[in-house]
Amino acid sequence: MAKRVKITKDGFKIGIGFMLAVAVSLAAGRIFIRAKLNRKIYVDDGFFFLAVVTLVAGTVMTYLDIPYIYLQQNVQAGTQAPPADFIQQLLKSVKIQDAAVVLLSATIFAVKLAFLAFFRGLIRRLKKLEIWWWCVLVIVIISSIVLICSNFITCPYFDERILGGPDHSSRLVVESNSRALLVKCVSPSALKRQNAALRAVSILDILSDLFSG
């Protein structure tokens, strides 16, 4: 039997909310100081603001997914009976998680672009460093695309109706198709794609951090 979840739902929400509040407060402080000192908005400020927006949006999506996360954990632990629409709820959770991953990956991407935009102004007229800067930019873009698309590479199925016939609106058909999609997403080939995507994302992310550092 699976172990029961130790972190409570409320504790999880409070923890995420606290970390978001800290991040947004620091970001607001940075934006205020930059605006007061420079009296204008630069490109790196725009990317940084984009990072804040996507972070908030990604956190909201995570909040929306919390009930489904705990439902799945409780069913696996045997502390709650699965509801009649359990499969559909799991599929909805997958879609929310995909949205959260895209938004939070965009946050990481935007932060890296903000740093690159900031350093771009410092290395102007330095040819060797400019070449290095462009190399780092290419690596960051590639790693970010792989990171954002990683979930879709693993499970490129978004709608249970794609497996249905003309009567895809039938409850039984939708449930059957939802189950089929979830099975496809945990098949051996899907797990291989997941492992490959995770390795690629990890390697590219480390390389982009090392090069930009």
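User: What is the handedness of the crossing of α2 and α3?
Analyst: The crossing of α2 and α3 is left-handed. That term applies if the near helix is turned anticlockwise from the far one by less than a right angle; clockwise would be right-handed. Keep in mind that this is a predicted model: local features need pLDDT of at least 70, side-chain atom pairs count only at pLDDT 80 or more, and totals for chains, interfaces and linings use all residues. Residues are numbered from 1 along each chain as its sequence is written, and side-chain values use heavy atoms, with hydrogens and water left out.

User: At what angle do α2 and α3 pack?
Analyst: About 155°, with the axes of α2 (residues 43-77) and α3 7 Å apart. The axes are lines fitted to C-alpha atoms, for helices over the stretch in contact, and angles run from 0 to 180 degrees between N-to-C directions.

User: Why is α2 called roughly antiparallel to α3?
Analyst: Because of that angle, α2 counts as roughly antiparallel to α3. The cut-off is over 145 degrees; under 35 is roughly parallel, 65 to 115 roughly perpendicular, and the rest oblique.

User: Zooming out, how many helices and strands in the protein chain?
Analyst: There are 6 helices and 0 strands. Along the sequence the pattern reads α-α-α-α-α-α. Helices (H or I, at least four residues) and strands (E, at least two) are DSSP runs, numbered from the N terminus.

User: How much of the protein chain is buried?
Analyst: Of its 213 residues, 31% count as buried. Buried means under 20% relative accessible area, exposed over 50%, and partly exposed in between (1.4 Å probe, protein chains only).

User: Where is the largest nonpolar core?
Analyst: Its 7 residues are Leu113, Leu116, Ile123, Trp133, Val136, Leu137 and Val140. α4 gives the most, with 4 residues. A nonpolar core here is a set of buried Ala, Val, Leu, Ile, Met, Phe, Trp, Tyr and Cys residues joined through side-chain atoms within 4.5 Å.

User: What about Arg120, buried or exposed?
Analyst: Arg120 is buried, with a relative accessible area of 17%. Its place is in helix α3. Leaving aside neighbours within four places in sequence, Arg120 is in contact (heavy atoms within 4.5 Å) with Glu130, Trp133 and Trp134. Trp133 also belongs to the largest nonpolar core.

User: And Val201, what does it touch?
Analyst: Val146, Leu147 and Ser150, not counting residues up to four places away in sequence. Val201 lies in helix α6 (residues 188-212) and is buried at 13% relative accessible area. The C-alpha atoms of Val201 and Ser150 are separated by 7.8 Å, though the two are 51 residues apart along the chain.

User: Last one. Which helix holds Ile69?
Analyst: Helix α2. Ile69 counts as partly exposed, at 25% relative accessibility. Its C-alpha atom is 7.4 Å from that of Ser93, 24 residues apart along the chain.
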